[in-house]
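Biologist: I'd like to learn how to read a model like this one. Could you take me through some features, one at a time?

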Amino acid sequence: MDDAAPVNWEALDALVIDFATSENLIEQQPQESLADSPASPLSPLSPSSSSVSSSSSSSYHSRLIIRQIRRCLAAGDIDAGIELLRAHAPSVLDDHRVLFRLQKQKFIELLRKGTEEGRDAAIACIRTALAPCALDAYPEAYEEFKHVLLAFIYDIHDQSSPVANEWSEKKRSEIAGLMTSVLRAHLQAYDPVFAMTLRYLISIHKTFCFRQGTTSPISDLTERLLMEERDPPAVPQESFYEAPPFDEVITVDIQALAHAVELTRQGAVDSLRYAKGDLFQAFQNELCRTKLDVPVLDELVREYCVYRGIVRSGFVASAVDQATSIPSDGENSVITMHLDVSSENDVVVNSRPETDIEMRYASESTGNCEDCSTSEMQQPDISKLLQRNRNYTSGERSKRKRWRGRQDEQEYLSGVAYSACSKQDLDAVVARADIGGEHQGIEKQSTEDLNNTDDRYEIVLGIKDLAARGMATEVVEQVNALDPNFFSQNHALLFQLKQVEFLKLVSAGDQSGALKVACSHMGPLAANDPSLLKPLKETLVVLLRPHEEMLGKGLPLNALANSLQVAIGQRLGIEEPQLMRLMRAAMHTHNEWFKLQMCKDRFEGLMRIDSLKELETPLLSACSMLSSNADSSTQGSSQVTTSSSARLPEDGTSPAQVSSGEVCDESAILKVMEFLALPRADAIHLLAQYNGNAETVIQQIFA
């Protein structure tokens, strides 16, 4: 499966920024709160930006507390876990089912010590805590209480004993996972939307590949990122195991939840009961039970943030302060850049500290050079190129944050490990991590390598920012200064830049200037590349009916900027981040999966997947829309966008569903799914064979 779906990278930027900010992975300015970011309105449950900020900050602190409680319980320190619960979520301990499980595990941990003191403490635990809880925890609790007493008799190393499972350290993980599920729902401390979206998309991707018998092109990432095991679910206070009566409204939610997060029907019923019938809350509860490898996720996010200019290079900022190898008279020290253009059309940027500026172009081919000797070739000034980038994009550069990582958790573990702390204590730890973050995470690399990497990203991001602002002339100048051969191998990109220049001139009323651009650049490019002839005609039509508002707002500049970043980055040896590859493949399988299901994804909006599908029209096609709609004031006042080719209509149907609508309706699909416990696609397939009659399908199956 090599197909990949287009993705709205600006929407992904917003999700990633929300994730990094919510997890406190990026440095905040003093006036910024923990959750202040351009993407903070992503919270699906918060009505305003101020409440989003407060809610996100509170959720972050709650997640830190939950992780610490989990570590305590997983390490067998039950008392520390209970103390943290009493300090931060005392009402959870009012549930005797939870308290019984905790006390039972505490009893085992006391016996595990193998000392006389531990044995005496275990007996005291039984008398004062475990036995009273067993009386009213749940119906099976008293039998479990009597069973666990066998741990007094059977040795911890006896694998054939009836309590070998109680001795297993796996029990620690189970109780830690259960408490994580309970606390997450109780404190509303869900992971940021991006983390949940990744879980959801990867789960669908793996299911789709398995059912279709195809090989995943991103298995190297998905296997490392999404773990197989899940935390135990939080169960409702009164869980009835008989199925509820068939009700179409209830059944829609049950089936949607069961198939979205791979639950049994009874599991979906219990999850909805625990969430008091709130489908979206139940979905988040279940989705967060699956585990992500946090270090792998953080590295994917950091790599993406550096590539997209959201954060500075991971080591560049700190290296500048510690660059002791640069001469002390740094004002006269500059970086010599060497651009080696190989026969494979890759540009290699090398740098070293020197007192003069020198540029060398080395090329194995001499097609466009009259004299290829580096000593006589006229060289552009790379320092001036970088300086122009900084002048043009100083505002964008100032917005880039410093990556700080998960320093809060490290400080929390080292400072108050396995002991109860107040919220004020936790706040103080977070504050200390903010202050100390400047001196951590420094990559030990030479100054030469640092400058090399920094300059590459600076050049690419500067050109991307210029293109996103519609500064086409400046982009062409800088790219030509960087690599005179670039546009000779990327005709379409140059044509699109000249389109932007043409349309801006038309918008400004300079029609003669626009025609000059068309004659000098766009015409020759179309003559050499027939695929550009149609866009050229459509661009020229705009000249007859200029519309300033349309021209000013309707150009898909972000798409052009992203294409330039990829192409120039590859020339400089900067590969696309792995997260982009993962998202393309996952979005493709999401589209294909719901084509098979013949329905709209009910959780698409909650997970912001719909925003990832909203794509700008490619610039080569935008002029067609401009020319045909230039006199339309309603369309001219909005951003020209289009959905991806696999985007489902807003009414929730798909082409396949429309074509099968005459054969079966939604109630019949639900009935077959419900009674036969079948996936939606299989239910539709069976109904199609029996003219959409659910009763006939069920009779035939049981006949």
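Biologist: Let's start with rings: which residues form one aromatic cluster?

Modeller: Y200, F280, F283 and F603 do. Rings of Phe, Tyr and Trp (its six-membered ring) pair if their centres lie within 6.5 Å; planes under 30 degrees apart are stacked, over 60 edge-to-face, and the rest tilted. Before going on, a word on the ground rules: this is a predicted model, where local features need pLDDT of at least 70, side-chain atom pairs count only at pLDDT 80 or more, and totals for chains, interfaces and linings use all residues. Residues are numbered from 1 along each chain as its sequence is written, and side-chain values use heavy atoms, with hydrogens and water left out.

Biologist: How many aromatic pairs does the structure hold, and what is the geometry of F280 with F603?

Modeller: There are nine aromatic pairs. F280 and F603 have ring centres 6.0 Å apart and planes at 65 degrees, so they make an edge-to-face pair. F280 sits in helix α13 while F603 is in the loop between α27 and α28, so this contact ties together parts 323 residues apart in sequence. Helices here are DSSP runs (H or I, at least four residues), and strands are E runs of at least two, numbered from the N terminus.

Biologist: Now charges. How should I read a salt bridge?

Modeller: Side chains of opposite charge can pair when their charged atoms come close. The test is a side-chain nitrogen of Lys or Arg within 4 Å of a carboxyl oxygen of Asp or Glu. The structure holds 34 salt bridges. One of them joins R308 to E10, with the closest N and O atoms 3.2 Å apart. That pair links distant parts of the chain, R308 being in helix α14 (residues 294–308) and E10 in helix α1 (residues 9–22), 298 residues apart. R308 is buried at 5%, and E10 is partly exposed at 28%.

Biologist: Which salt bridge has both D191 and R199 in it, and what is the N to O distance?

Modeller: Those two side chains meet in a bridge of 2.8 Å, N to O, and both residues are buried. Elsewhere, R584 and E576 come to 2.9 Å, with R584 partly exposed at 22% and E576 partly exposed at 26%. There's a network of salt bridges too, linking E23, R63, R67, D298 and R406.

Biologist: What about helix faces?

Modeller: An α-helix has 3.6 residues a turn, so residues three or four places apart point the same way. In α33, R680, A683, I684, L686 and L687 are buried. Down the axis of α33, these buried residues fall within an arc of 165 degrees (taken from the directions from the helix axis to the C-beta atoms), so they line one face. D682, also in α33 (residues 680–689), is partly exposed at 30%.

Biologist: And positive phi?

Modeller: Most residues other than glycine have a negative phi. K276 has a positive phi near 55 degrees; K276 sits in the loop between α12 and α13 and is exposed at 79%. M598 has a positive phi of about 55 degrees as well. M598 lies in the loop between α27 (578–597) and α28 (609–613), and is buried at 18%. N691, which follows α33, has a positive phi near 55 degrees.

Note on methods:
Buried < 20%, exposed > 50% of the residue type's maximum accessible area, 1.4 Å probe, protein only.
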